[in-house]
Amino acid sequence: KEIAKFVEKMHLDHQISKSWLNSRIKNYVKQKKAIRLISPDNKKRKKIKKNWYAYRKNFITSKNINSGRKFLIENQSSLEKASKTFGVPVYIIAGIIGVETRFGKIKGSFPVFDTLASLSFDQNHRKDFFKKELKEFLILAKENQIDISQAYGSFAGAMGIPQFMPSSWRSYAIDFNNDGRIDLINSSYDAIGSIANFLSNHGWKKNELTHALAKINKKTNPNNFLAHSLKTRHNVELLSKAGFYDTSGLLPPKQAASLIDLPIGKKNKIFWIATENFFSITMYNRSYMYAAAVLDLADALKPNIK
């Protein structure tokens, strides 16, 4: 009944053939691994202690840095065009691609249609979200003549060099090389422009910094000032008066900012003063450690000037 209702709605709302969709949805292969990876196991999660340094090691490697520097050289013109158009630094764009797909080398091996169908109908965790993404994927395939049997991506259904979910592809992907089609699977040019467009649409501000390491007054309780959502709550001056100091000395006093924490084992943490640009990166992946990894990789890709 659930599948029949979905097929009927896709037909009525988006003129997708019922017989075509029925023939494909009847034969989708249940992606058990994707279901296992997407569904929370609370007992296992409690045992796994988050550690920023361990997480960082997955992305800040000599191999990834070398691949990134090669990517920067090969895509210099498109990166500079994207930076000029959207105000997003080239290293931030490259950092996202390096974290997401190791600069286009690892795009995912899960069949997108089967994966999204499995996450929509075979499990209960964020079911409505995945049903929406399945809908967006089918519309995307129709609009762009994509063979759904040949589309592969992550265990959550993200696709291409930038790992866009179908809804993000339809909303923020752009034909940046002006060849008449949007190709995030093979075109670094389109991927670069689309990432910059995504960040621009999610609050990125040109020429503003992203963060600074915070030094904390021992008498101050950081828990009273930590961000509890993906947006700024204070400004640098207020945080400084409360005992959280910008160690770089580069953030303007009136800069909107929040305190974020990165766990480093047991009960230890390091703290960053995060700006609006930091939080725009969390719109790509709702994780402080993800955004921090993007920024550290971006810094590692910059040339060493002595």
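**Figure 1. Salt bridges across the predicted model.** In all, 13 salt bridges turn up here, and keep in mind that this is a predicted model. Side chains of opposite charge can pair when their charged atoms come close. The close-ups below pick out a few of these contacts.

**Figure 2. E136 and R170 pair up across the chain.** These two side chains form a salt bridge, with N and O sitting 2.7 Å apart. The partners come from distant parts of the chain: E136 belongs to helix 10 (residues 127–144), while R170 belongs to helix 11 (residues 166–172), and 34 residues separate them. E136 is buried because its relative accessible area is 10%, under the 20% cut-off. R170 has a relative accessibility of 35%, so it counts as partly exposed.

**Figure 3. K135 also bridges to E136.** Here the closest N and O atoms of K135 and E136 are 4.0 Å apart. K135 is partly exposed, with 27% relative accessibility, whereas E136 is the buried residue already seen in the previous view.

**Figure 4. A charged network takes in K135, E136, E143 and R170.**

**Figure 5. D299 meets K302 in another salt bridge.** The closest N and O atoms of this pair lie 3.2 Å apart. How exposed are the two partners, D299 and K302? D299 is partly exposed at 41% relative accessibility, and K302 is partly exposed as well, at 35%.

Definitions and conventions. Residues are numbered from 1 along each chain as its sequence is written. This is a predicted model: local features need pLDDT of at least 70, side-chain atom pairs count only at pLDDT 80 or more; totals for chains, interfaces and linings use all residues. Side-chain values use heavy atoms; hydrogens and water are left out. Buried means under 20% relative accessible area, exposed over 50%, partly exposed in between (1.4 Å probe, protein chains only). Helices (H or I, at least four residues) and strands (E, at least two) are DSSP runs, numbered from the N terminus.
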